[in-house]
Amino acid sequence: MQFHAEATNPAAVQADVLAVPIYKEDREIAGDLADLDAATGGVISRAIDWGEFNIVEHHSALVDAGPIAAGKILLVNGVRRGKGAWRARRIGSTATRRLQGRGVKRMALWLRDGEDEDGFIAAAVGASQGTYRPYAYYGRVRDTEAMLRSVEEVVLVGEGAPAQEALDRAAAIAEGVEFGRTLANRASNDLYPEAMAEVARELVADGCSVEVLGVDEMRALGMGALLGVGQGAAHEPRLIAIRLPGWESASPDRRLAIVGKGVCFDSGGISIKPAERMEEMKHDKSGAAAVIAAARTVARLAPDTPLMAVAPMVENMPGGNAQRPGDVVKAMNGKTIEVINTDAEGRLILADALHWAETRGATHLVDVATLTGAAAVAFGELISAYFARPREWGAEVAAAAEATGEWFWEMPLATEYRPQYDSAHADITNSGTREAALIKSAVFLADFVTVPWVHVDIAGSAALTSDKAVNPKGALGTAVSTLVRLALDYRSA
């Protein structure tokens with residue numbers, strides 16, 4: 001998809017469709033919206049008066065544009081959460097998704113309130129997201145040629161339009177989000193640990209160095225927590241590390257590692273999950289998909305960034321050699337873990353991956369994981385919970401999310417809960433009581449990290465369980481744009 005920006009009157013923009021956000025405050029059309037309505041001969045006000053578009057009931061409405069330069073006007077429901085990158089991103093994706101399958105090649109999107117550069121970039125990324133087809137990777141026989149059509153060019157209209165270089169960067173980020181999305185959506189029989197390692201190895205073409213540890217190498221390093229999770233699966237675990245050129249040349253006290261949970265399929269192991277919706281457990285690799293996609297994107301934008309992406313990859317299966325409740329494993333940092341619940345596997349693989357990243361020189365860490373059902377219960381599909389030590393490092397991660405239109409919310413790292421993980425047989429158990437389960441999962445990980453660190457739980461926000469006006473069912477590429485922005489800011493700090 002191509003992006004351009006124009007600081008011009010929206011009525012003068014040449015496009016097949018002009019997308020116009022409508023907000024709840026627009027019960028009385030005024031200001032610039034009134035000017036556009038007058039230029040169209042009143043088509044916007046008539047659509048609202050007739051009930052063709054109602055902000056309470058409708059996500060969008062496509063109407064004739066009258067005498068202005070655009071062929072049609074798309075009224076888009078403007079979300080209620082204040083102006084900025086989050087709203088711009090969702091308006092962009094809702095608009096292009098509404099136009100899927102139609103003969104619209106060039107869409108103009110009017111950012112009515114004016115946005116800074118971040119808002120324009122977020123709108124562009126959102127517009128790209130709206131054209132994403134989760135079925136495209138494998139194909140679908142019933143798709144007609146018309147169904148495959150989508151917007152090819154987006155013109156962003158509004159005050160504060162950035163230089164083309166910023167929009168070219170947006171295109172690269174959008175492509176990275178789509179890449180991460182597709183990795184997360186790929187079926188478990190197609191993308192297993194060894195296959196993800198092959199995907200990572202392709203990043204050599206982007207100037208990255210790629211290291212893949214197999215079972216023997218991980219056993220020699222003492223990664224008993226990670227290996228225990230994968231021991232019941234036919235596909236053996238892998239630990240993937242992707243280093244950008246800037247990692248080796250960076251100052252020893254300034255290296256960022258992003259770590260993503262990579263469970264290619266999570267059956268729950270011996271503590272098996274219910275059958276209902278188990279097919280969605282292919283998305284349990286969304287964290288790994290995000291860090292690999294982010295590393296690929298940053299390598300193309302700023303290869304001198306001191307960045308390493310680490311992806312511990314396993315399948316959690318109930319095979320004859322599977323890990324059992326009551327087993328005790330030793331993590332790489334020497335701590336022993338009593339496995340109470342084999343479905344609390346993500347924290348086990350992250351424990352070894354985070355410590356390994358530290359031993360390889362990481363001075364700052366961020367992990368991204370579909371870690372707890374509690375996160376989905378608490379925050380749903382819109383918000384990702386994060387924990388930070390120290391909180392100042394968390395604020396930097398949250399600022400990167402805010403700038404790119406993702407919604408992160410800080411949760412307390414209440415280490416007072418740590419005694420509830422005490423074990424009679426080991427240093428720590430891998431599962432505690434249900435109360436405060438989201439917080440306790442982060443408290444567990446804190447035992448395995450000593451440098452500044454942020455844990456992001458995307459269990460609810462990684463994928464949609466049904467089609468929405470803003471995005472189709474499936475993976476969303478959550479955290480990719482945040483990690484890219486964080487790495488670029490980290491590089492220039």
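1. In this predicted model, the bridge partner of Leu18 in strand S5 is Ala108. The two strands concerned, S2 (residues 17–22) and S5 (residues 106–110), pair in the parallel sense, and their pairing extends over three bridges.

2. Helix H2, which spans residues 43–50, packs on the sheet and touches S2, S3 and strand S4 (72–77), while its direction makes about 50° with that of S4.

3. As for the sheet as a whole, six strands form an open arrangement with mixed pairing, in the order S1-S6-S5-S2-S4-S3. Strand S1 (2–6) and strand S3 (60–64) are the edge strands, each of them pairing on one side only. On average, and with direction ignored, neighbouring strands of this sheet are turned by 25° against each other.

4. A separate point concerns helix H5 (residues 164–185) and helix H10 (residues 286–301), whose axes come within 8 Å and cross at roughly 155°. Because angles over 145 degrees count as roughly antiparallel, H5 is described as roughly antiparallel to H10. The crossing of these two helices, H5 and H10, is right-handed.

5. On the H5 side, the contact is made by Arg169, Ala172, Ile173, Glu175, Gly176, Phe179, Gly180, Leu183 and Ala184, and H10 contributes Ser286, Ala289, Ile292, Ala293, Arg296, Thr297, Arg300 and Leu301. By residue class, this contact of H5 with H10 divides into nine nonpolar, four polar and four charged residues.

Conventions: Residues numbered from 1 in each chain as written. Predicted model: local features only at pLDDT ≥ 70, side-chain atom pairs only at ≥ 80, totals over all residues. Heavy atoms only, no water. Axes fitted to C-alpha atoms, helices over the stretch in contact; angles between N-to-C directions. Helix = DSSP H or I, 4+ residues; strand = E, 2+ residues; numbered from the N terminus. Parallel < 35°, antiparallel > 145°, perpendicular 65-115°, else oblique. Left-handed = near helix turned anticlockwise from the far one by under 90°. Contact = heavy atoms within 4.5 Å. Nonpolar A, V, L, I, M, F, W, Y, C, P; charged D, E, K, R; others polar. Pairing = 2+ DSSP bridges.
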